Amino acid sequence: DLGCHSVGLKEQIMFNKARVFVQNNAKTLAAAGLGATTVAFAVPAVLADDGQLQPPVYPWTHVGALDGFDHSSVRRGFQVYKQVCSACHGLKRIAFRNLVGVAYTEDEAKEIAAEQETTDGPNDNGEMFTRPGKLSDYMKSPYPNEQAARAANNGAYPPDLSLVVKGRPRHEDYVFALLTGYKEPPAGVKLREGLYYNPYFPGGAIGMAQPLYDDAVEYDDGTPATASQMTKDVATFLAWASEPEADERKRMGMKWIATLSAVAVTTWYYKKFRWSVIKSRRLEFR
């Protein structure tokens with residue numbers, strides 16, 4: 001699962017808890033050779049609630065007001081999703097037509113859509129039937145319902161990934177850190193069977209095994225498929241999937257800013273040099 005966590009207010013709460021702990025155990029900490037200030041500031045910087053490690057800030061190229069998505073990375077990320085993630089996770093808010101002009105041509109998107117069997121109907125006999133997918137079809141979940149998904153994943157429910165980036169604080173940073181953060185449990189930490197240790201997941205125990213390894217997929221463009229490269233690409237793809245209209249909204253925003261700026265300058269000019277003359281004139285009648 002791509003679980004959620006929170007920052008900001010929860011970090012502040014954690015900091016306050018750490019400060020109270022230090023104040024209440026000052027003598028014990030001093031005997032251990034730990035300064036109160038060191039502990040008070042070190043604990044919340046590393047941990048959030050449930051001992052969760054906070055993700056680093058990564059230099060994504062699409063987050064700026066004037067930045068757009070790397071379409072090559074979106075295409076590679078879709079490959080990773082299709083070949084790895086789609087085995088457990090759905091993408092129900094994305095239609096195949098959304099890929100056209102972003103990651104694939106129309107013909108390529110039609111070919112990809114045709115690989116999906118879609119239930120349609122009823123036909124003339126009142127029966128439902130299956131057909132190859134079309135551009136207007138949405139991507140299906142690999143499971144028919146939540147119960148089937150839990151039964152196939154030891155009780156864990158793989159969430160739909162359509163809005164996973166928007167639905168998680170720190171967005172792409174969290175997804176990237178989670179997918180690359182699998183480690184061996186530290187000493188003293190015991191996990192029940194079917195769970196894996198990941199310090200970026202709330203509680204540190206996640207039901208999803210590490211999904212990405214070097215050369216897990218073969219990119220169409222020949223890019224080396226290292227684990228970090230695949231993680232970066234799939235995080236970029238999921239960021240795009242969470243807001244496919246983001247680039248268009250930025251372009252429209254810049255057009256509106258430019259238009260309103262021109263209107264503002266024109267209004268100022270007329271107010272300053274045209275209307276002021278009319279407003280300040282004096283009429284005399286004789």
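The model is predicted, and local features are reported only at pLDDT of at least 70 and side-chain atom pairs only at pLDDT 80 or more, while totals for chains, interfaces and linings use all residues. Residues are numbered from 1 along each chain as its sequence is written, and side-chain values use heavy atoms, with hydrogens and water left out.

A search of the whole structure finds 11 aromatic pairs, where rings of Phe, Tyr and Trp (its six-membered ring) pair if their centres lie within 6.5 Å, and planes under 30 degrees apart count as stacked, over 60 as edge-to-face and the rest as tilted. In one of these, the ring centres of Trp60 and Phe176 are 6.1 Å apart and the planes stand at 80 degrees, so the pair is edge-to-face. Because Trp60 lies in the loop between helix 3 (36-46) and helix 4 (71-83) and Phe176 in helix 7 (residues 171-180), the pair ties together parts that are 116 residues apart in sequence. Helices (H or I, at least four residues) and strands (E, at least two) are DSSP runs, numbered from the N terminus. Trp60 is buried, with a relative accessible area of 12%, and Phe176 is buried as well, at 14%; buried means under 20% relative accessible area, exposed over 50%, and partly exposed in between, with a 1.4 Å probe and protein chains only.

Ring pairs also link Phe78, Tyr81, Tyr104, Phe237 and Trp240 into a cluster.

Turning to the loops, Ala87 is placed between helix 4 and helix 5 (106-114) and counts as exposed at 52% relative accessibility. Its C-alpha atom is separated by 8.8 Å from that of Ser141, which is 54 residues away along the chain. When neighbours within four places in sequence are left aside, Ala87 is in contact (heavy atoms within 4.5 Å) with Pro142 and Tyr143.

The peptide bond from Gly121 to Pro122 is cis, with omega near 5 degrees, and Pro122 is found in the loop between strand 1 (117-120) and strand 2 (129-132). Arg170, in the loop between helix 6 (146-152) and helix 7, has a positive phi of about 70 degrees although it is not a glycine, and is partly exposed, with a relative accessible area of 22%. His171, placed in helix 7, has a positive phi near 45 degrees, again in a residue other than glycine, and counts as partly exposed at 34% relative accessibility.
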